[in-house]
Amino acid sequence: MNDSSWGAPPQAGYWGPSDQGPVQGAAPAGPAYDAHDAQQTRPMPIVPDVPAHGGDQDDDRGAARTGGPLFRDETPPPPPYRPSSQNAHNAQKPQEPMSSAAQPAPAPQKKSAGRDLGAAIGVGVGLGAVIVASLFVVKAAFVGVITVAVVVGLWELTSRLAERKDIKAPLVPLALGGAAMVVAGYVRGAEGAWVAMALTALAVLVWRMTEPPEGYLRDVTAGVFAAFYIPFLATFVALMLTADDGAWRVLTFLVLAVVSDTGAYAIGWRFGTHKLAPRISPGKTREGLLGAVAFAMVGGALCMEFLIDDGTWWQGLLVGFAVAVTATLGDLGESMIKRDLGIKDMGTLLPGHGGIMDRLDSLLPTAPVVWLLMVIFVGSG
(Lines give C-alpha, C1' and ligand atoms only; values in the text may rest on other atoms or scores of the structure.)
Protein backbone atom coordinates (compact mmCIF):
# COMPACT_ATOMS: atom_id res chain seq x y z
CA MET A 1 0.00 0.00 0.00
CA ASN A 2 1.49 3.36 -0.97
CA ASP A 3 1.70 6.23 1.49
CA SER A 4 -0.95 8.31 -0.27
CA SER A 5 -3.67 6.01 0.98
CA TRP A 6 -3.07 7.41 4.47
CA GLY A 7 -3.27 11.11 3.35
CA ALA A 8 -5.12 14.04 4.89
CA PRO A 9 -8.83 13.76 5.62
CA PRO A 10 -10.49 13.46 2.23
CA GLN A 11 -11.85 16.74 0.92
CA ALA A 12 -14.12 16.56 -2.07
CA GLY A 13 -12.86 18.40 -5.09
CA TYR A 14 -9.63 19.64 -3.49
CA TRP A 15 -6.84 20.30 -5.98
CA GLY A 16 -3.14 20.11 -5.14
CA PRO A 17 -0.69 22.96 -5.47
CA SER A 18 0.25 21.96 -9.01
CA ASP A 19 -3.36 22.08 -10.19
CA GLN A 20 -2.77 18.93 -12.18
CA GLY A 21 -5.70 16.98 -10.76
CA PRO A 22 -7.18 15.71 -7.56
CA VAL A 23 -4.86 14.40 -4.90
CA GLN A 24 -4.59 10.62 -4.86
CA GLY A 25 -6.87 9.07 -2.27
CA ALA A 26 -9.30 12.04 -2.16
CA ALA A 27 -12.89 10.93 -1.70
CA PRO A 28 -15.43 11.73 -4.46
CA ALA A 29 -18.25 14.14 -3.94
CA GLY A 30 -21.15 12.96 -1.82
CA PRO A 31 -24.62 12.28 -3.10
CA ALA A 32 -25.92 15.73 -2.14
CA TYR A 33 -23.15 17.76 -3.76
CA ASP A 34 -21.13 17.59 -6.92
CA ALA A 35 -17.47 18.51 -7.03
CA HIS A 36 -18.21 22.19 -7.84
CA ASP A 37 -20.62 22.60 -4.93
CA ALA A 38 -18.21 20.89 -2.60
CA GLN A 39 -15.55 23.42 -3.51
CA GLN A 40 -17.92 26.26 -2.76
CA THR A 41 -19.26 24.95 0.56
CA ARG A 42 -16.33 23.13 2.26
CA PRO A 43 -13.50 25.01 3.96
CA MET A 44 -10.10 24.70 2.38
CA PRO A 45 -7.60 22.68 4.46
CA ILE A 46 -4.46 24.26 5.79
CA VAL A 47 -1.69 22.93 3.57
CA PRO A 48 2.02 23.52 4.20
CA ASP A 49 3.94 25.56 1.71
CA VAL A 50 5.04 23.69 -1.37
CA PRO A 51 8.44 24.35 -2.94
CA ALA A 52 8.42 26.62 -5.90
CA HIS A 53 9.39 23.86 -8.27
CA GLY A 54 6.38 21.78 -7.12
CA GLY A 55 4.16 20.28 -9.70
CA ASP A 56 5.23 16.62 -9.90
CA GLN A 57 3.18 13.82 -8.42
CA ASP A 58 5.54 13.29 -5.51
CA ASP A 59 4.92 16.83 -4.22
CA ASP A 60 1.19 16.38 -4.46
CA ARG A 61 1.38 13.18 -2.50
CA GLY A 62 3.57 14.84 0.09
CA ALA A 63 1.09 17.66 0.59
CA ALA A 64 -1.74 15.26 1.10
CA ARG A 65 0.25 13.10 3.51
CA THR A 66 1.00 15.79 6.12
CA GLY A 67 -2.43 15.68 7.66
CA GLY A 68 -2.64 11.87 7.90
CA PRO A 69 -1.65 9.53 10.70
CA LEU A 70 1.97 9.27 11.74
CA PHE A 71 2.10 5.48 11.84
CA ARG A 72 0.73 2.78 9.56
CA ASP A 73 -1.20 1.05 12.31
CA GLU A 74 -3.14 4.18 13.26
CA THR A 75 -6.72 4.50 12.06
CA PRO A 76 -7.37 7.45 9.72
CA PRO A 77 -10.24 9.81 10.63
CA PRO A 78 -13.59 8.84 9.09
CA PRO A 79 -14.80 10.83 6.06
CA PRO A 80 -17.33 13.58 6.81
CA TYR A 81 -19.86 12.05 4.41
CA ARG A 82 -20.79 8.70 2.89
CA PRO A 83 -19.99 8.18 -0.82
CA SER A 84 -22.82 7.38 -3.13
CA SER A 85 -23.37 3.77 -4.18
CA GLN A 86 -22.39 4.71 -7.74
CA ASN A 87 -18.95 5.96 -6.65
CA ALA A 88 -18.41 3.57 -3.71
CA HIS A 89 -16.33 1.20 -5.78
CA ASN A 90 -13.99 3.98 -6.91
CA ALA A 91 -13.59 5.30 -3.36
CA GLN A 92 -12.84 1.88 -1.86
CA LYS A 93 -9.28 1.58 -0.53
CA PRO A 94 -7.21 -1.52 0.15
CA GLN A 95 -7.56 -2.57 3.76
CA GLU A 96 -4.64 -3.20 6.04
CA PRO A 97 -4.61 -6.67 7.63
CA MET A 98 -5.82 -6.84 11.19
CA SER A 99 -3.14 -6.52 13.81
CA SER A 100 -2.33 -9.60 15.88
CA ALA A 101 -4.08 -8.04 18.88
CA ALA A 102 -7.30 -7.47 16.91
CA GLN A 103 -7.43 -10.88 15.25
CA PRO A 104 -9.69 -13.43 16.93
CA ALA A 105 -7.88 -16.20 18.79
CA PRO A 106 -7.82 -19.50 16.91
CA ALA A 107 -10.14 -22.16 18.21
CA PRO A 108 -8.29 -24.72 20.36
CA GLN A 109 -7.62 -27.95 18.53
CA LYS A 110 -8.47 -31.24 20.14
CA LYS A 111 -5.44 -33.39 20.88
CA SER A 112 -5.15 -36.55 18.85
CA ALA A 113 -3.45 -39.79 19.76
CA GLY A 114 -2.06 -40.09 16.24
CA ARG A 115 -2.96 -43.79 15.93
CA ASP A 116 -5.99 -46.04 15.81
CA LEU A 117 -6.37 -46.65 19.54
CA GLY A 118 -9.02 -49.32 19.08
CA ALA A 119 -6.80 -51.42 16.84
CA ALA A 120 -3.76 -50.76 19.04
CA ILE A 121 -5.57 -51.93 22.18
CA GLY A 122 -6.95 -55.00 20.45
CA VAL A 123 -3.54 -56.02 19.10
CA GLY A 124 -1.92 -55.34 22.47
CA VAL A 125 -4.44 -57.52 24.31
CA GLY A 126 -3.95 -60.32 21.79
CA LEU A 127 -0.16 -60.21 22.10
CA GLY A 128 -0.43 -60.13 25.87
CA ALA A 129 -2.61 -63.22 25.90
CA VAL A 130 -0.13 -65.14 23.73
CA ILE A 131 2.80 -64.07 25.92
CA VAL A 132 1.13 -64.95 29.22
CA ALA A 133 -0.08 -68.30 27.93
CA SER A 134 3.35 -69.28 26.63
CA LEU A 135 5.11 -68.04 29.78
CA PHE A 136 3.10 -70.02 32.30
CA VAL A 137 2.26 -73.12 30.29
CA VAL A 138 5.55 -74.16 28.66
CA LYS A 139 8.64 -71.98 28.99
CA ALA A 140 10.08 -73.33 25.77
CA ALA A 141 7.03 -72.01 23.94
CA PHE A 142 7.93 -68.50 25.04
CA VAL A 143 11.43 -69.02 23.65
CA GLY A 144 9.69 -69.70 20.34
CA VAL A 145 7.75 -66.43 20.68
CA ILE A 146 11.01 -64.53 21.22
CA THR A 147 12.59 -66.26 18.20
CA VAL A 148 9.68 -65.39 15.89
CA ALA A 149 9.75 -61.75 17.05
CA VAL A 150 13.51 -61.57 16.43
CA VAL A 151 13.31 -63.01 12.91
CA VAL A 152 10.43 -60.70 11.92
CA GLY A 153 12.26 -57.71 13.40
CA LEU A 154 15.39 -58.57 11.41
CA TRP A 155 13.31 -58.85 8.24
CA GLU A 156 11.72 -55.43 8.84
CA LEU A 157 15.03 -53.71 9.57
CA THR A 158 16.96 -55.22 6.63
CA SER A 159 14.05 -54.51 4.26
CA ARG A 160 13.91 -50.85 5.24
CA LEU A 161 17.70 -50.51 4.94
CA ALA A 162 17.58 -51.95 1.42
CA GLU A 163 14.61 -49.82 0.35
CA ARG A 164 15.74 -46.47 1.74
CA LYS A 165 19.55 -46.64 1.78
CA ASP A 166 20.38 -49.49 -0.64
CA ILE A 167 22.16 -51.27 2.23
CA LYS A 168 22.04 -55.02 1.67
CA ALA A 169 22.53 -56.62 5.07
CA PRO A 170 22.26 -60.41 4.47
CA LEU A 171 19.01 -61.63 6.02
CA VAL A 172 19.59 -65.40 5.85
CA PRO A 173 22.65 -65.58 8.16
CA LEU A 174 21.10 -62.95 10.40
CA ALA A 175 17.85 -64.87 10.81
CA LEU A 176 19.56 -68.22 11.41
CA GLY A 177 22.15 -66.71 13.74
CA GLY A 178 19.53 -64.66 15.60
CA ALA A 179 17.40 -67.73 16.30
CA ALA A 180 20.53 -69.61 17.40
CA MET A 181 21.43 -66.78 19.80
CA VAL A 182 18.07 -66.90 21.57
CA VAL A 183 18.08 -70.67 21.90
CA ALA A 184 21.74 -70.76 23.00
CA GLY A 185 21.06 -68.12 25.63
CA TYR A 186 18.20 -70.17 27.07
CA VAL A 187 20.09 -73.49 26.94
CA ARG A 188 23.71 -72.47 27.62
CA GLY A 189 23.36 -69.10 29.32
CA ALA A 190 25.31 -65.93 28.59
CA GLU A 191 28.34 -67.86 27.32
CA GLY A 192 26.24 -69.60 24.67
CA ALA A 193 24.74 -66.28 23.58
CA TRP A 194 28.20 -64.71 23.10
CA VAL A 195 29.42 -67.66 21.04
CA ALA A 196 26.33 -67.54 18.84
CA MET A 197 26.80 -63.78 18.37
CA ALA A 198 30.40 -64.24 17.22
CA LEU A 199 29.45 -66.99 14.78
CA THR A 200 26.59 -64.88 13.39
CA ALA A 201 28.95 -61.96 12.71
CA LEU A 202 31.36 -64.32 10.95
CA ALA A 203 28.52 -65.77 8.86
CA VAL A 204 27.51 -62.25 7.77
CA LEU A 205 31.07 -61.50 6.62
CA VAL A 206 31.30 -64.72 4.60
CA TRP A 207 27.79 -64.58 3.13
CA ARG A 208 28.32 -61.09 1.74
CA MET A 209 31.42 -62.29 -0.13
CA THR A 210 29.19 -64.00 -2.70
CA GLU A 211 28.27 -60.59 -4.13
CA PRO A 212 30.38 -57.85 -5.79
CA PRO A 213 32.77 -56.02 -3.45
CA GLU A 214 31.15 -52.61 -3.93
CA GLY A 215 29.50 -51.66 -0.65
CA TYR A 216 30.90 -54.68 1.20
CA LEU A 217 32.04 -52.77 4.28
CA ARG A 218 28.76 -50.85 4.47
CA ASP A 219 26.64 -54.00 4.19
CA VAL A 220 28.54 -56.15 6.72
CA THR A 221 28.65 -53.27 9.18
CA ALA A 222 24.88 -52.96 8.97
CA GLY A 223 24.59 -56.74 9.34
CA VAL A 224 26.69 -56.92 12.49
CA PHE A 225 24.78 -53.96 13.93
CA ALA A 226 21.45 -55.71 13.22
CA ALA A 227 22.72 -58.92 14.86
CA PHE A 228 23.66 -57.07 18.04
CA TYR A 229 20.67 -54.72 18.10
CA ILE A 230 17.88 -57.29 17.78
CA PRO A 231 18.72 -60.93 18.58
CA PHE A 232 21.60 -60.40 20.99
CA LEU A 233 19.69 -57.92 23.17
CA ALA A 234 16.60 -60.14 22.99
CA THR A 235 18.69 -63.03 24.35
CA PHE A 236 18.62 -61.40 27.80
CA VAL A 237 14.88 -62.10 27.97
CA ALA A 238 15.69 -65.80 27.49
CA LEU A 239 18.34 -65.50 30.19
CA MET A 240 15.74 -64.11 32.62
CA LEU A 241 13.52 -67.05 31.80
CA THR A 242 16.09 -69.62 32.98
CA ALA A 243 15.67 -68.67 36.67
CA ASP A 244 13.33 -70.66 38.91
CA ASP A 245 10.92 -67.73 38.98
CA GLY A 246 11.88 -66.81 35.40
CA ALA A 247 8.31 -66.49 34.17
CA TRP A 248 7.58 -63.87 36.84
CA ARG A 249 10.80 -62.01 36.06
CA VAL A 250 9.89 -61.81 32.39
CA LEU A 251 6.34 -60.77 33.26
CA THR A 252 7.70 -58.02 35.53
CA PHE A 253 9.99 -56.83 32.73
CA LEU A 254 7.11 -56.68 30.23
CA VAL A 255 4.63 -55.12 32.66
CA LEU A 256 7.05 -52.35 33.64
CA ALA A 257 7.79 -51.56 29.99
CA VAL A 258 4.07 -51.28 29.24
CA VAL A 259 3.39 -49.25 32.40
CA SER A 260 6.24 -46.88 31.55
CA ASP A 261 4.90 -46.35 28.04
CA THR A 262 1.39 -45.83 29.37
CA GLY A 263 2.54 -43.27 31.93
CA ALA A 264 4.52 -41.36 29.33
CA TYR A 265 1.53 -41.27 26.99
CA ALA A 266 -1.08 -40.34 29.61
CA ILE A 267 0.90 -37.58 31.32
CA GLY A 268 2.49 -36.29 28.14
CA TRP A 269 -0.84 -36.10 26.31
CA ARG A 270 -2.52 -34.27 29.17
CA PHE A 271 0.22 -32.02 30.53
CA GLY A 272 3.09 -32.16 28.04
CA THR A 273 4.34 -28.74 26.93
CA HIS A 274 8.16 -28.97 27.03
CA LYS A 275 9.70 -31.05 24.25
CA LEU A 276 12.14 -33.73 25.33
CA ALA A 277 14.04 -34.22 22.07
CA PRO A 278 12.23 -32.26 19.31
CA ARG A 279 14.81 -33.04 16.63
CA ILE A 280 14.47 -36.79 17.23
CA SER A 281 10.89 -37.35 18.38
CA PRO A 282 8.72 -34.20 18.45
CA GLY A 283 5.89 -35.97 20.29
CA LYS A 284 7.88 -36.75 23.43
CA THR A 285 7.84 -34.29 26.31
CA ARG A 286 9.65 -33.90 29.59
CA GLU A 287 6.36 -34.19 31.40
CA GLY A 288 5.81 -37.50 29.63
CA LEU A 289 9.20 -38.75 30.80
CA LEU A 290 8.32 -37.83 34.38
CA GLY A 291 5.05 -39.71 33.98
CA ALA A 292 6.93 -42.77 32.71
CA VAL A 293 9.31 -42.67 35.66
CA ALA A 294 6.51 -42.26 38.22
CA PHE A 295 4.33 -45.02 36.78
CA ALA A 296 7.25 -47.44 36.34
CA MET A 297 8.60 -46.87 39.85
CA VAL A 298 5.21 -47.57 41.42
CA GLY A 299 4.75 -50.61 39.23
CA GLY A 300 8.27 -51.81 40.00
CA ALA A 301 7.73 -51.56 43.75
CA LEU A 302 4.55 -53.63 43.52
CA CYS A 303 6.03 -56.25 41.18
CA MET A 304 9.25 -56.78 43.14
CA GLU A 305 7.34 -56.98 46.43
CA PHE A 306 4.64 -59.43 45.34
CA LEU A 307 5.90 -61.28 42.23
CA ILE A 308 9.66 -61.82 42.65
CA ASP A 309 11.07 -64.21 45.23
CA ASP A 310 13.09 -62.33 47.88
CA GLY A 311 12.37 -59.03 46.16
CA THR A 312 11.59 -55.82 48.09
CA TRP A 313 9.72 -52.65 47.23
CA TRP A 314 12.77 -50.38 47.29
CA GLN A 315 14.49 -52.61 44.76
CA GLY A 316 11.40 -52.26 42.62
CA LEU A 317 11.73 -48.48 42.73
CA LEU A 318 15.22 -48.74 41.25
CA VAL A 319 14.16 -51.30 38.65
CA GLY A 320 11.19 -49.13 37.63
CA PHE A 321 13.36 -46.04 37.29
CA ALA A 322 15.87 -47.95 35.14
CA VAL A 323 13.09 -49.32 32.93
CA ALA A 324 11.63 -45.85 32.32
CA VAL A 325 15.01 -44.42 31.33
CA THR A 326 16.17 -47.30 29.11
CA ALA A 327 12.75 -47.68 27.44
CA THR A 328 12.76 -43.98 26.57
CA LEU A 329 16.32 -44.16 25.23
CA GLY A 330 15.42 -47.22 23.19
CA ASP A 331 12.43 -45.45 21.69
CA LEU A 332 14.56 -42.42 20.83
CA GLY A 333 17.23 -44.67 19.34
CA GLU A 334 14.82 -46.27 16.90
CA SER A 335 13.34 -42.85 16.14
CA MET A 336 16.83 -41.79 15.06
CA ILE A 337 17.02 -44.79 12.74
CA LYS A 338 13.59 -44.09 11.26
CA ARG A 339 14.36 -40.41 10.75
CA ASP A 340 17.58 -41.32 8.97
CA LEU A 341 15.59 -43.71 6.76
CA GLY A 342 12.78 -41.19 6.26
CA ILE A 343 9.98 -43.47 7.46
CA LYS A 344 7.32 -43.30 10.18
CA ASP A 345 7.08 -46.99 11.07
CA MET A 346 9.30 -50.00 10.48
CA GLY A 347 6.38 -52.03 9.18
CA THR A 348 2.62 -52.50 9.04
CA LEU A 349 2.26 -55.97 10.54
CA LEU A 350 0.57 -54.80 13.75
CA PRO A 351 -2.44 -52.48 13.17
CA GLY A 352 -2.29 -49.44 15.41
CA HIS A 353 1.34 -50.14 16.34
CA GLY A 354 3.28 -50.32 13.07
CA GLY A 355 5.74 -53.17 12.81
CA ILE A 356 7.28 -55.61 15.26
CA MET A 357 10.30 -53.33 15.61
CA ASP A 358 8.02 -50.47 16.63
CA ARG A 359 7.11 -52.58 19.70
CA LEU A 360 10.57 -53.99 20.36
CA ASP A 361 12.34 -50.62 20.29
CA SER A 362 11.85 -49.93 24.01
CA LEU A 363 12.09 -53.59 25.09
CA LEU A 364 15.44 -54.48 23.53
CA PRO A 365 17.71 -52.08 25.46
CA THR A 366 15.67 -52.61 28.63
CA ALA A 367 16.14 -56.39 28.73
CA PRO A 368 19.86 -56.49 29.68
CA VAL A 369 19.36 -53.79 32.33
CA VAL A 370 16.49 -55.63 34.03
CA TRP A 371 18.35 -58.95 33.81
CA LEU A 372 21.41 -57.42 35.48
CA LEU A 373 19.41 -55.74 38.27
CA MET A 374 17.54 -58.97 38.96
CA VAL A 375 20.83 -60.86 39.25
CA ILE A 376 22.22 -58.20 41.61
CA PHE A 377 19.12 -58.01 43.83
CA VAL A 378 17.83 -61.58 43.98
CA GLY A 379 20.45 -63.71 42.20
CA SER A 380 20.42 -65.64 38.92
CA GLY A 381 18.68 -68.80 40.19
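**View 1. The largest nonpolar core holds 61 residues.** In this predicted model, the residues with the most contacts inside that core are Tyr229, Ile230, Val237, Val250, Phe253 and Leu364. Helix α7 (residues 216-241) gives the most to this core, 15 residues. A nonpolar core is a set of buried Ala, Val, Leu, Ile, Met, Phe, Trp, Tyr and Cys residues joined through side-chain atoms within 4.5 Å. Buried means under 20% relative accessible area, exposed over 50%, and partly exposed in between (1.4 Å probe, protein chains only). Helices (H or I, at least four residues) and strands (E, at least two) are DSSP runs, numbered from the N terminus.

**View 2. Val250 and its contacts.** Val250 touches Leu135, Phe142, Val237, Met240 and Leu241 (heavy atoms within 4.5 Å), leaving out residues up to four places away in sequence.

**View 3. Arg249 sits in helix α8 (residues 246-271).** Arg249 counts as buried because its relative accessibility is 4%. Beyond neighbours within four places in sequence, its contacts include Met240, Ile308, Met374 and Gly381.

**View 4. Strands β1 and β2 form a hairpin.** Between β1 and β2 lie 3 residues. Strand β1 (residues 275-277) and strand β2 (residues 281-285) run antiparallel, joined by 2 bridges. Two strands pair if DSSP finds at least two bridges between them. Ala277 stands opposite Ser281 in β2.

**Notes on the model.** Residues are numbered from 1 along each chain as its sequence is written. Local features need pLDDT of at least 70, side-chain atom pairs count only at pLDDT 80 or more, totals for chains, interfaces and linings use all residues, and side-chain values use heavy atoms, without hydrogens and water.
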